[in-house]
Amino acid sequence: MPPLRLAVEPLDLPLVHAFTIARSSESIAHSALLRLGWGEIEGLGESSPSPRYGESVASVAAGLRTLSLGDDPYARERLLAGLTPAQRCGLDIALHDLIGKDLGRPLWQLLGLDPTRTPTTSFTIGIAAPDETLAKVREVGAHPVIKVKLGVGDEIATIEAIRGIYGGTIRIDANEGWTPQRAVEILGEIAKYEIEFCEQPIPAGHPEQLRWIRERSPIPIVTDEDSKDARDLPGLLGCVDGINVKLVKCGGIHGALEMIHTARALGFKIMLGCMVESQILTTAAAHLSPLVDWADLDGPFLTASDPFDGISYDAGKIVLPDGPGLGVTERAR
């Protein structure tokens, strides 16, 4: 068999708007792009590491470039052994894309999933000045679900103003920005605006505080930073209503499947999320979306010039590609 060949390069993605959350802001998203060759086949992978978890594009590239790959793309366990989650994510996705292309089947079919059972994704509204926030909501138009980033003040007024012009489903995400007391106060005040759920209201690492909030909140609580991989989930039992699965946190497709099955066994609702990333990583996650309750796979909405095509949307509902592997194609330059 021909040897596996791996190239890793930075991928910079200019954004439509500056993307601001409670702890950071960016106008350009940074990913690691992987090209995994095997004979005439090339598998695409991507990792969008976050400093929140101690990884970067540079650290992902450095770890992957030293690998001894051999010649068997089906030897997934050996190839991914010892890698960090963000490194594992990029290579795992590239392997799935390559294998799907080798077999001539889309990833959703290899996993035995029904592509018609995809959820509707939310569209994320980053933190901004009030007028800019409302302008972003108006840009969303008739999209049926938005997720509003909060956590730096004026939360109640922000949600009141948004609900005044938007009649769809609203989710909120504080990105660890509140104290437990503040979370309970805000959630109690905004419940009248029909909020579907609140994501990660307080800093991660305090499940007993999440339990305290949940017992006092009229709005369901979902984790993100507290649910990195399947090992985190048993400790959250009784503390939250749902968890957010992101491929870059848990190490790719197989890590996400482990989280999904563990979450189902524990009775959690499940959301598939993304970083600000290209179609490669978002599409990889989307292939798993028939297994979950909610999706926040809006990376393609947020970037201004994605060099790849993958999933599309029908009134917000995710439409999976039917090409082999991920079904992602590169745009002509």
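Biologist: How far is the sulfur of cysteine 274 from the closest cysteine sulfur, and which cysteine holds that one?
Modeller: The distance is 12 Å, to cysteine 89, which is too far for a bond. This is a predicted model: local features need pLDDT of at least 70, side-chain atom pairs count only at pLDDT 80 or more, and totals for chains, interfaces and linings use all residues. Side-chain values use heavy atoms, without hydrogens and water, and residues are numbered from 1 along each chain as its sequence is written.

Biologist: What about the sulfur of cysteine 250?
Modeller: Its closest cysteine sulfur is in cysteine 89, 7.3 Å away, too far for a bond.

Biologist: How many disulfides does the structure hold, then?
Modeller: 0. A disulfide here is a pair of cysteine sulfur atoms within 2.5 Å.

Biologist: Is cysteine 274 buried or exposed?
Modeller: Cysteine 274 is buried, at 8% relative accessibility. Buried means under 20% relative accessible area (1.4 Å probe, protein chains only). Cysteine 250 is buried too, at 4%.

Biologist: New topic. How many cavities of 30 Å³ or more turn up?
Modeller: The search of the whole structure finds 1. A cavity is a set of points, on a 1 Å grid over the protein atoms alone, where a 1.4 Å probe fits but cannot get out.

Biologist: How much space lies in the largest cavity?
Modeller: About 40 Å³.

Biologist: Which residues line it?
Modeller: Lys246, Leu247, Val248, Gly273, Cys274, Met275, Glu277, Leu281 and Ala285. Lining residues have an atom within 4 Å of a point.

Biologist: Which helices supply at least two residues each?
Modeller: α9 (247–250) and α11 (279–286). Helices are DSSP runs (H or I, at least four residues), numbered from the N terminus.

Notes
Buried means under 20% relative accessible area, exposed over 50%, partly exposed in between (1.4 Å probe, protein chains only). On a 1 Å grid over the protein atoms alone, a cavity is a set of points where a 1.4 Å probe fits but cannot get out, and a pocket is an open set with protein on both sides within 12 Å along at least five of seven lines; lining residues have an atom within 4 Å of a point. Grid points are joined across faces, edges and corners, and a volume is the space filled by probe spheres set on the points.
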